[in-house]
Amino acid sequence: MTTAPRAFLLTDSADGALAEAAEILQMDIVRVNPASELPASIDAHASVRVIVVSTDNPSLLRSIVEHAGARGIPVVLAGENDIAYRRAIEFRVDDWYLAPATPVEISWRIRSALARVAAQTIGPTHRVDRAEYEEMLYDPLTGMATLPVVLERTRGLIKDRGEVIIHYLNFVRYSKIEEIYGWEKLDQVLETTASAVREFLDSRSLTTTRMMVGFPNDDDFIFLQIPDKGQPMPTDAQITEAGRQLQSFVGNRLEEVHGEDVSSLFDIFIGSAHVYYTPKIRFERLIYRGVREAANAARSVEQRERVRRTATLKGVLHEGSVYIDFHPIVLSESGDIFGYEALARGVPRNLRSPEVMFEVAAEADLVWELSRLCRARALAGAKELLRGEQLLFLNVDPHDFADPGFGVLDSIDPRRIVLEITERTAIKDYPKFRERLRSFRERGFRFAVDDAGSGYAGLGSIANLEPDFIKLDISLINSIDTNFIKQNLVETMVGFAKEQGAMVIAEGIERSEELETVKRIGVPLVQGFLLHHPARAGAMAGVHAGRQ
Amino acid sequence: MDRSSAPSILVVDDNDDNAEIVRALLESRGFPVLVAHDGDEAIALFESARPSLVLLDVLMPRRSGWEVCRLMRQHPEHGRAVRIIMLTALAEWNDKQSALQTGADDYITKPIDLADLELRVRRNLALVTPHA
């Protein structure tokens with residue numbers, strides 16, 4: 001530690017919580033009484049870092065803000081009531097809180113005021129509105145500080161040590177989670193991720209300072225690693241190994257909390273950059289340059305992994321190593337199994353998720369091959385699984401219809417098959433596509449529109465496909481019991497389906513409250529972990545035989 | 001601090017007449033009501049008063065109700081707990097989708113039917129988890 005004098009916090013308040021907050025921030029507190037002395041004290045003390053004011057005298061407050069503003073010192077207002085808040089806005093203080101407040105909350109406010117002033121000196125010169133600042137400084141979801149805050153806090157440490165390692169954690173396919181499950185789910189997943197990353201870092205007894213940084217409303221994190229004086233910097237091999245361990249730690253935690261379907265979508269790529277301090281280059285520029293370098297490194301790791309995965313997929317196609325999980329769709333009133341959705345999974349762990357496997361296939365132009373293999377497996381499994389009138393729901397890509405080998409089935413009656421087309425894939429040539437659907441329909445196949453209601457397209461595009469089944473998007477079902485807009489949209493869809501002669505399926509039912517709500521709305525078919533988990537045909541047949 | 005036991009409601013509408021009608025109804029039903037006339041004022045009051053429910057007009061100058069809703073949801077301590085009802089003249093499928101995307105819990109179509117408003121306020125408050 002340096003022996004420089006500690007920063008001062010100047011205040012007219014005698015609040016004990018404020019004193020504790022100053023302790024958290026490692027600042028000395030200087031009390032000025034009466035408050036009218038504050039403006040003069042600001043000018044008198046050289047090392048004042050922040051001012052916390054509790055006065056309810058507006059002209060005095062104005063004078064304090066002016067004096068502080070002239071020296072670039074942030075002002076935090078400790079208000080007692082709503083009037084204080086209006087003043088806070090009117091006089092443009094840097095932050096405020098409602099007293100009494102906890103020491104932690106006060107320290108949080110002071111930090112954000114400090115960071116706000118720091119950000120103004122490096123950021124755009126115009127004043128941004130308060131709420132947007134808040135977003136810039138702390139990621140609301142993960143509670144992590146953003147870069148301007150961290151730079152302020154670590155500046156001294158980095159100069160002292162002379163170097164820092166910047167790690168860039170690139171979380172891929174989180175946008176996919178949002179696309180499939182909706183933003184509420186993504187929020188939960190991000191929270192889990194952030195806390196897992198933090199736990200991982202805390203559990204490792206590195207004699208270093210580590211600062212997590214979140215990017216507001218984005219999926220990526222960075223963290224700065226500053227080894228204590230006298231400790232060696234980690235080697236590249238150590239950094240790579242730590243990244244590998246972090247990946248499996250976070251992956252396992254996601255699987256525990258959110259299940260395999262979500263965790264198998266998850267990937268993390270870590271890039272690092274070593275930055276040496278030099279007084280010739282502006283500190284902020286140095287760090288931002290390092291962040292860019294680390295981000296590029298993370299991207300090249302991702303590229304290598306992509307190549308590796310394509311090779312794995314080719315192996316899967318060659319050996320036929322995919323298997324099918326069947327996920328029951330049940331009648332919501334009786335709970336009887338109405339049919340099964342076939343979910344194709346790759347045997348290698350990194351292709352376990354159907355979404356990922358098909359994404360890799362699309363990049364490598366291998367979708368037809370993969371689709372054929374998956375369909376053949378699904379039909380073989382269904383043959384032993386389906387009883388009575390039960391149906392097989394098969395996911396198909398609109399491009400599959402152009403495959404001459406598609407729809408040639410000798411093992412199973414087409415009337416037992418429902419082809420699921422996702423609303424997400426853009427269908428370019430509608431008339432031609434409908435023509436193809438018609439020829440399949442004539443042979444007895446039925447159709448379902450998958451992920452219905454996921455976009456803004458409305459009901460017209462669904463009507464266009466004349467489906468027999470409408471599968472509601474998972475995002476509409478997640479927490480439907482507490483969201484009345486979702487309930488209204490699903491009601492609309494149920495009414496629409498009746499007019500069209502189609503049946504609605506609610507998938508992604510995970511809680512009994514969700515099941516009760518969709519039953520009350522009149523959704524006839526349901527699917528989800530609450531009712532059944534997906535399983536292989538053999539296991540499924542056994543379970544159901546045992547139940548009878 | 002003065003905090004009564006009934007859950008408080010923040011009404012945000014740039015039209016004074018609308019805001020007053022809604023305030024009068026809700027106060028007559030015993031709810032403490034705060035009124036904000038634009039987005040910035042709404043966010044400041046949201047942060048200071050921590051209302052249990054916000055009635056938020058979509059069409060406002062400067063910050064739209066959508067933006068205000070999104071900002072409130074991002075509040076680190078209170079963003080999840082609050083119930084947000086949008087007041088809007090637009091109630092097509094895609095308008096409701098946008099309401100969902102910004103994080104709203106419910107919506108009321110304008111012109112406002114006061115009986116409907118009261119019903120929706122009550123059913124949303126019923127889902128507020130009581131906490132200190």
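User: What makes strand E14 and strand E15 of chain A a pair, and in which sense do they run?

Analyst: In this predicted model, strand E14 (residues 446–452) and strand E15 (residues 469–472) of chain A share 3 bridges in the parallel sense. At least two bridges are required for a pair, so E14(A) and E15(A) qualify with 3 bridges. Within E15(A), Phe469(A) is the bridge partner of Ala448(A).

User: Which strands of chain A run in the closed barrel, and what is the pairing?

Analyst: The barrel has 8 strands in the order E10-E11-E12-E13-E14-E15-E16-E17, and its pairing is mixed. Helix H14(A) packs on this sheet, where it touches strand E10 (322–331), strand E11 (337–346) and strand E12 (391–396) of chain A. The direction of H14(A) makes about 55° with that of E10(A).

User: How do you know that the span of helix H14 of chain A agrees with what its residues should give?

Analyst: H14(A) covers residues 367–385, which is 19 residues, and at 1.5 Å a residue these should span 27 Å. The end C-alpha atoms are 26 Å apart, so the two values agree.

User: Why are the buried residues of H14(A) said to line one face of the helix?

Analyst: Seen down the axis of H14(A), the buried residues fall within an arc of 140°, and therefore they line one face. They are Leu370(A), Ser371(A), Cys374(A), Arg375(A), Ala378(A), Gly381(A), Ala382(A) and Leu385(A).

User: Why does Ser479(A) count as partly exposed, while Arg62(B) counts as exposed?

Analyst: Buried takes 20 or more C-beta neighbours within 10 Å, exposed takes 12 or fewer, and partly exposed is in between. Ser479(A) has 18 neighbours, so it counts as partly exposed. Arg62(B) has 11, so it counts as exposed.

User: What is the phi of Ser479(A) and of Arg62(B), and where do they lie?

Analyst: Most residues other than glycine have a negative phi. Ser479(A) is not a glycine, yet its phi is positive at about 65°. Arg62(B), also not a glycine, has a positive phi of about 65°. Ser479(A) sits in the loop between helix H17 (474–477) and helix H18 (484–500) of chain A, and Arg62(B) in the loop between strand E3 (53–57) and helix H3 (65–73) of chain B.

User: Which peptide bonds are called cis, and what is omega there?

Analyst: One joins Asn33(A) and Pro34(A), with omega about 0°. Another runs from Lys110(B) to Pro111(B), with omega near 0°. Pro34(A) is in the loop between strand E2 (28–31) and helix H2 (38–44) of chain A. Pro111(B) is in the loop between strand E5 (106–109) and helix H5 (114–125) of chain B.

User: What pattern does chain B follow along its sequence?

Analyst: Chain B has 5 helices and 5 strands, and reads β-α-β-α-β-α-β-α-β-α.

User: What makes E2 and E5 of chain B edge strands?

Analyst: The 5 strands form an open, parallel sheet in the order E2-E1-E3-E4-E5. Strand E2 (33–36) and E5 of chain B each have a single partner strand, so one side of each is left without a neighbour in the sheet. From one strand to the next, the twist averages 20°.

User: How many bridges join E1(B) to E3(B), and which helix packs on the sheet there?

Analyst: Strand E1 (residues 9–12) of chain B runs parallel to E3(B), and 4 bridges join them. Leu10(B) stands opposite Val54(B) in E3(B). Helix H1 (residues 16–28) of chain B packs on the sheet and touches E1, E2 and E3 of chain B. The direction of H1(B) makes about 170° with that of E2(B).

Methods
Residues numbered from 1 in each chain as written. Chains lettered and ligands numbered in written order. Predicted model: local features only at pLDDT ≥ 70, side-chain atom pairs only at ≥ 80, totals over all residues. Helix = DSSP H or I, 4+ residues; strand = E, 2+ residues; numbered from the N terminus. Expected span 1.5 Å × (residues − 1). Arc of directions from axis to C-beta. Contact = placed C-beta atoms within 7 Å. Axes fitted to C-alpha atoms, helices over the stretch in contact; angles between N-to-C directions.
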